[in-house]
Amino acid sequence: MNQPNDFCSDPENNWEILAGYLEAFLDAWENDGFGPPLGEHLPEDPGSLRKMVLIELIKVDLEYRHNGEGPVLQLEDYLAEHPELGEPDGIPIELIQEEHHLRRVRSGNPVDTDEYIARFPEKAGEIRRRLPADAASEQERTGQQLSEQYQPGDHIGDFYLMSALGTGAFGSVFLARQESMQRLVALKVSNDKGTEAQTLAQLDHPNIVRVHDQVRLPVQSIRLLYMQFVAGGTLQSVVKASQTAENKNGRLVADCIANALDHSGISSIQNVSLNRGLADKSWAEVTGQLGMELAQALHYAHEQGVLHRDLKPANVLLEVNGSAKLADFNISFSSEVIGDTAAASFGGSLAYMSPEQLEVCHSDRRTQADDLDERSDVFSLGILLWELMYGKRPFPDETVTENWNQTLDDMTELRGQGVGDPPTPPANATEELLVLILRRCLEPDPENRFRTADELARELGLCLQPQVAKLIRSSETGWRKAAVTWPMPAFLFAAIVPHIFAACFNYFYNETKIIRDLTALTTDQPDQSQLLVDKFRMLVIVINLIAFSIAFGLCISYIKPIVRAIRRDGDRTGPSPAAARIRSLRLSRFVTILGITEWGIAGLAYPLALYLFAGSLDAVVPIYFIGSLVICGLLAAAYPFFLTATLTIRAYFPALLRHDCLTSQDVNRLQALSMQSAWSLYLAGGVPAVGMLILIATGEGKDSLGGLALLVLSVLGAIGFAFALCLSRTLQRDIEALHDAYRLTSRNAQKT
């Protein structure tokens, strides 16, 4: 007879080749009622995965014989014929479980566990831990056997079976017409046990397949669970199509949905209209959008106390508009040990399991299914999205070995090494951000992953805004990287330097005016005039030293929590990233208020001190002082606003967002910053214009000093306004992109 090809080095084919051996053995059983020899259906090469094939063939052989198709054999009979079965540590525990289960099903009575301990004493510990969980295995296998009795064209109760959508360990799913309601549904046929329907019925989310109701048929001992029919096929078809597509974008999803509709026979459609502009998005954006929807669905399910446990592309359905819907929650097994069944050990889901879920499947590990939490689903979703993005899973070297526990050990060890580089280098900021997010999903330690699927959804939502992705990734290059590396010096430069330039200009202008006025008052006392000028210069030095020292001290104190949050590198004892982000968005307002306050105080301090020194002053001198300081102060307050706001949005905020997610508080503060930007732009453009009008109206612009001041205000004012306008537009664009990203990630949550 023709046997399948032997196992090869390509890990993607190993499961298919193993399935080929099983299929050949099943065909032989159908043609031979007494049971075909196992040896004829094993790989010839003893160095191949012969033992794994042998174990799976024995499972099939046991089931046929216990169903009356031939003389029943015991495990010892198989061991005598194939001694390799007991090497190196005794007969595999999964075969003990299989025989234990089949005996229970055939007799309808419990089977004494102590009997198996006596027969296989070397497996006593594993038998005590594993056999009590076999109730779930019985439910699963019985359900599958019952569902296989029905085929398309049959009637079951109120349902007409139109076509088979899939068969799994817990039953079969059909496209059916509910006669009483005249509607199409997805009908799941399984055994009448468990609380799957009640649990699934509680999940009401736009990205989870909706369960309508259930019907129990006690005579046949089956349950009919009818659900929303999702016509666009599964994500598996998209993954397969992406592996050979030359140009991957949203159109590929539309083509796969059109093919699914045509294949189902329900309708034929050439141009599928995808929602939210999905058809025109890049492949990284498509991955981000579908991933965001799935993460939102997971978060909702987790809030209801439900873990999925079996995330893979085949369990993601697509609506005609391109929306993703989670299906096939492993509900009825949620409190049992996953891995005790043929579905978990051979169904292919192992490739998507987290390290801790693999330990649940391991017979030598004490990790239980109840020990898993939402971070396990986050890991599985990370594998799924990596495969969607690149057409292959992130752990491509996974292989099936002869020993089941060794296979699990190898897979766990591989995950523990972390994910490697993507098959193709990121081409843009969006792809770079997506890789960063997926790497965090695939962290071996659950503590380093996203704490919730909601956090993951919000991060993936950032990939839908290329401008936001560029913001986050560019914060790691150029001047932004320098600003994040030295956040305090960068902030002090942006907040203080404009005030230094303004103070120099103000000193030059006022000293000239004061010297001229004081000379006119003290023409008969030149020594006194020079003394007053010297005192004025000393006054300028003292006031500026005090003002700038206070400014430096307050700025350092205000930014310290932000610096700690940026530099904490996993230290969770410091300020949280969320609190630091809110504080960073207030930096611009802080420096504006600080600058205006100090310049206002200086505007009063200068004329008062001069009056004390001179004894009397011309009334116009305080006016000059106050006017010049107010104008310089307002200008000096406007430019630090834009510099610090740009520093925040382009460097600090992305750095603080890198391992966190956008919140409603972030959005509120961003909107406030946007409004403050408009007012600061008015100052940058309006104050020089007002200053020029004052000089012209008072005639001060006619002399040489006034003309110079007029020239400075006009030229530098125009340049400064153009600079502020450019920064303002950039800020508005960045803030709007961040707001849109938050709105996208929050949309489904608001619907539910």
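Predicted model: local features only at pLDDT ≥ 70, side-chain atom pairs only at ≥ 80, totals over all residues.
Biologist: What makes Q182 count as exposed or buried?

Modeller: Its relative accessible area. Q182 has 56%. Exposed means over 50%. Therefore Q182 is exposed.

Biologist: Where is the place of Q182?

Modeller: Q182 is in the loop between β3 (171-178) and β4. Its phi is positive, about 50°, although Q182 is not a glycine.

Biologist: R309 also has a positive phi, near 75°, and is a residue other than glycine. Is R309 called buried or exposed, and why?

Modeller: R309 has a relative accessible area of 9%. The buried class takes values under 20%. So R309 is buried. R309 sits in the loop between α11 (283-303) and β7 (316-318).

Biologist: Now the strands. What makes β4 and β6 a pair?

Modeller: Bridges. At least two are needed between two strands. Strand β4 (residues 183-191) and β6 have seven. So β4 and β6 pair. The sense is antiparallel.

Biologist: How do you know that β5 and β6 pair?

Modeller: By the bridge count again. Strand β5 (residues 211-217) and β6 share six bridges. The cut-off is at least two, so β5 and β6 qualify as a pair. This pairing is antiparallel as well.

Biologist: Which residue in β6 is the bridge partner of K188?

Modeller: L225. L225 is also the bridge partner of Q214.

Biologist: What lies between β5 and β6?

Modeller: Four residues. The two strands form a hairpin. In the turn, S221 has a positive phi of about 60°.

Biologist: Why is strand β6 called mostly covered?

Modeller: Take residues 222-228, the span of β6. Seven of the seven are buried. To be buried, a residue must have under 20% relative accessible area.

Biologist: Step back to the whole chain. How many of its residues count as buried?

Modeller: 54% of the 752 residues. Each of those falls under the 20% cut-off. As for surface, the protein exposes about 32,600 Å². Carbon and sulfur atoms supply 55% of that area.

Biologist: How many helices and strands does the protein have?

Modeller: The secondary structure comes to 26 helices and eight strands.

Biologist: And what share of contacts joins residues at least 24 apart?

Modeller: 71%, among contacts between residues at least 6 apart in sequence. A contact here requires heavy atoms within 4.5 Å.

Note on methods. Residues numbered from 1 in each chain as written. Heavy atoms only, no water. Buried < 20%, exposed > 50% of the residue type's maximum accessible area, 1.4 Å probe, protein only. Areas by Shrake-Rupley, 256 points an atom, 1.4 Å probe, with all protein chains shown as cover.
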